[in-house]
Amino acid sequence: MFSSLKDKVGQVLLPGDEFTFDTEDTISLTTPVKPEKVVCGPGLRRSGDRLQVCKSGVLRHKAPNMFWMDSQQRRYVPVKGETVIGIVTVKSGDIFKVDFGGSEQASLSYLAFEGATKRNRPNVQVGDLVFAQFVVANKDMEPELVCVDSGGRANGMGVFGGGGLLFTVSLGLVRRLLSPQSDLMQDLQKLFPCELVVGMNGRLWVRSSSTQRTLIIANLLQSCETMTAPQRKALFARVAEGTL
């Protein structure tokens, strides 16, 4: 399994491609046979002794045994533990309804904020932006968001968005921005220092020193989706020189 999967790392796979576990011709009577353990990420599904590809894209690998499909999809599927940017659409009693760009809206309790109690309710209005985390993300249940971590702290989550710009990019660009030692993020901060909130659902919020710079940053990020690294560096250099 590992040998056949590693041979395909970096290649484009399509839904329906399968991998099977290899079995040895000789079995030792003294050494117990240990089954191969493969951690399936997004786009892969394990069924018995077969590993099936259910999403087209490029196969990626992370040591020691994690594999997933890297694809350029725009429809976000909620995953427990991921942080997203949502828009409050309905305020009904003790529950807020939040649009995060999925197939249905998520619920957000008024007690899911740092320091919130029945008497001390958070000031959340319809139309506000919230940076929240999924605690329930199941295809058979309604998605549920919270604005606190496991220790009850906000840790950067909550209502935000005053004076900034919200726009949408592909999920692939989001992963590039959130990757450790991201060249794109470093080049952007050198060009225009700014506040940037990245949601795993493909929504970005940015605020800079002026409205013009904020719009330039948004246009640069949207243009980087289809650019190679040399093309991106050339574009950033032209912007820095003021030729655009």
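Two strands are taken as paired where DSSP finds at least two bridges between them. In this predicted model, four bridges join β14 to β16 in an antiparallel arrangement, and within β16 the residue opposite Thr 168 is Arg 203. Strand β15 likewise runs antiparallel to β16, again over four bridges, with Val 198 bridged to Leu 204 of β16. The hairpin of β15 and β16 has four residues between its strands, and Gly 202 there adopts a positive phi near 90°. Four of the five residues of β16 are buried, leaving the strand mostly covered.

Arg 207 and Glu 195 form a salt bridge with an N to O distance of 2.9 Å, which connects strand β16 to strand β15 across twelve residues of sequence. Arg 207 is partly exposed at 28% relative accessibility, and Glu 195 is partly exposed at 41%.

Strands β14, β15 and β16 are among the elements covering the buried residues of helix α4, as are α2, α3 and α5. The buried residues of this helix are Thr 214, Ile 217, Ala 218, Leu 220 and Leu 221. Seen down the axis of α4, they fall within an arc of 165° and therefore line one face of the helix. The exposed residues Thr 211 and Gln 212 lie on the face turned away from the buried side.

A separate description applies to the open sheet of four strands, which has the order β1-β6-β7-β3 and mixed pairing. Strands β1 (12-13) and β3 (39-40) stand at its edges with a single partner strand each, so one side of each lacks a neighbour in the sheet. The pairing of β3 with β7 (residues 66-70) is parallel and comprises two bridges; Cys 40 has Phe 67 of β7 as its bridge partner.

Ten salt bridges are present in the structure. In one of them, the closest N and O atoms of Lys 97 and Glu 142 are 2.3 Å apart. Lys 97 belongs to strand β9 and Glu 142 to the loop between β11 and β12, so this pair ties together parts 45 residues apart in sequence. Arg 153 and Glu 114 form another salt bridge, with closest N and O atoms 3.3 Å apart. This pair links the loop between β12 and β13 with the loop between β10 and β11, 39 residues apart. Arg 153 is exposed, with a relative accessible area of 56%, whereas Glu 114 is partly exposed at 40%.

Notes:
Residues numbered from 1 in each chain as written. Predicted model: local features only at pLDDT ≥ 70, side-chain atom pairs only at ≥ 80, totals over all residues. Heavy atoms only, no water. Buried < 20%, exposed > 50% of the residue type's maximum accessible area, 1.4 Å probe, protein only. Arc of directions from axis to C-beta. Contact = heavy atoms within 4.5 Å. Salt bridge = Lys/Arg side-chain N within 4 Å of Asp/Glu carboxyl O.
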